[in-house]
Amino acid sequence: MPSLAAITTALESIAPLRLAADWDAVGLLVSPRRPAIERIMTCLTLTEDVAAEAVRRGADLVVSHHPLPFRPVARLTDESSVGRVLLALAGAGTGVWSPHTAWDSAAGGINDQLAVMLGLAHVAPLEPDAELPLVGFGRAGTAAAGTTVATLARRVGAALRVRHVQLIGAADRPAGRVGIVCGSGGDCIPQVVREACDTLLTGEIKLHQAIEAAAAGLAVVAVGHHASERFSMAVLAERLTAAVPGLECWASEVEQDPLGWLEVG
């Protein structure tokens, strides 16, 4: 049976923690009770229903993209959702590992996967790693000739199975050079503009960031934070299964985007 050390070695090879942002909480956040790890569940965010699934299905470890806990916890009680999740997992002996921004930035990680979905050429990091220049923060690449922002939005929408995206800028303008920042990329608009990108693909963006992008002449396609990252949890489960013989790994089946759409008129 695989040891925790074997699992963490595999996770480090897939998403090296040195690629994580310095503000991030990555790696082993909750130790599993059992020395051998047979069953792993991946998820984007550890909510109460996702934690219940992990316990019900006997996961030894949850690999959660978003860290939990992220900030120091002063009290671990059942009076908060975070407390209930952590108590349920600890009570079942289930550990928690988070790759977060390391998985965003890794070779074959989330931003690379999005670049493949978009069919971009000449893909490189927006901010290359000092030691491994082929990986690093974000990605940028060139869309095929004749690709408009609308074409790009429809392509990624179909791949991610979303019916709505937010758009900044004219839909019929050329997509050109495309920057990619999964999750919440609004803070990166100045950097994307400096890298001569014409379009930004991200998950979510705030109003003042949208105004900033429009003023800079940058088109933005925002597909939703959940949608921009959740698909990669199945990819991560597949890569872990391939990397560690004897491991059963699956992506959460109950996880849902907490934000939905209601047609009101």
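## An exposed loop residue

Ala74 is exposed, with a relative accessible area of 77%; exposed means over 50% relative accessible area, buried under 20% and partly exposed in between, computed with a 1.4 Å probe on protein chains only. Ala74 belongs to the loop between β3 and α3. Helices (H or I, at least four residues) and strands (E, at least two) are DSSP runs, numbered from the N terminus. From C-alpha to C-alpha, Ala74 and Ala107 are 36 Å apart in space and 33 residues apart in sequence.

The model is predicted, and local features need pLDDT of at least 70, side-chain atom pairs count only at pLDDT 80 or more, and totals for chains, interfaces and linings use all residues. Residues are numbered from 1 along each chain as its sequence is written, and side-chain values use heavy atoms, with hydrogens and water left out.

## Helices α1 and α10

Helix α1 (residues 4-14) packs against helix α10 (residues 232-243) at an angle of about 125°, and their axes are 10 Å apart. That angle makes α1 oblique to α10. Axes are lines fitted to C-alpha atoms, for helices over the stretch in contact, and angles run from 0 to 180 degrees between N-to-C directions. Angles under 35 degrees count as roughly parallel, over 145 as roughly antiparallel, 65 to 115 as roughly perpendicular and the rest as oblique.

The crossing of α1 with α10 is right-handed; a crossing has this hand if the near helix is turned clockwise from the far one by less than a right angle, and is left-handed if anticlockwise. On the α1 side, Ala10, Leu11 and Ile14 meet Leu236, Arg239, Leu240 and Ala243 of α10, where contact means heavy atoms within 4.5 Å. The residues of this contact comprise 6 nonpolar, no polar and 1 charged. In this classification Ala, Val, Leu, Ile, Met, Phe, Trp, Tyr, Cys and Pro count as nonpolar, Asp, Glu, Lys and Arg as charged, and the others, Gly among them, as polar.

Leu11 lies in helix α1 and counts as buried at 2% relative accessibility. Leaving aside neighbours within four places in sequence, Leu11 is in contact with Leu61, Val63, Trp97 and Leu240. Leu11 and Leu240 are 229 residues apart in sequence, yet their C-alpha atoms are 7.3 Å apart in space. With residues up to four places away in sequence not counted, Leu240 touches Ala10, Leu11, Ile14, Ile40, Val63, Leu247 and Cys249.

The largest nonpolar core has 46 residues, and Ile40 and Leu240 are those with the most contacts inside it. Helix α6 (residues 149-160) gives the most to this core, with 5 residues. A nonpolar core is a set of buried Ala, Val, Leu, Ile, Met, Phe, Trp, Tyr and Cys residues joined through side-chain atoms within 4.5 Å. In soluble globular proteins, nonpolar side chains tend to be buried together.

Helix α5 (residues 110-118) is largely enclosed by the rest of the structure, because 7 of its 9 residues are buried. These buried residues are Ile110, Asn111, Asp112, Gln113, Leu114, Ala115 and Leu118.

The axes of α5 and α6 are 9 Å apart, and the two helices pack at an angle of about 120°. Their crossing is right-handed. Leu114, Met117 and Leu118 of α5 meet Leu152, Arg155, Val156, Ala159 and Leu160 of α6. By class, this contact has 7 nonpolar, no polar and 1 charged residues.

## Helices α2 and α3

Helix α2 (residues 48-56) and helix α3 (residues 81-92) cross at roughly 5°, and their axes come within 9 Å. The two helices are therefore roughly parallel to each other. From α2, Glu48, Ala51, Ala54 and Val55 make the contact, and from α3, Ser81, Arg84, Val85, Ala88, Leu89 and Ala92. The residues of this contact are 7 nonpolar, 1 polar and 2 charged.

## Backbone exceptions

Most residues other than glycine have a negative phi, and most peptide bonds are trans. A cis peptide bond, with omega of about 0°, joins Leu68 and Pro69. Pro69 is in the loop between β3 (61-64) and α3.

His100, a residue other than glycine, has a positive phi near 35°. His100 is in helix α4 (residues 100-105) and is buried, with a relative accessible area of 11%. Ala196 also is not a glycine, and its phi is positive, at about 60°. Ala196 is placed in the loop between α7 (189-194) and β11 (199-204).
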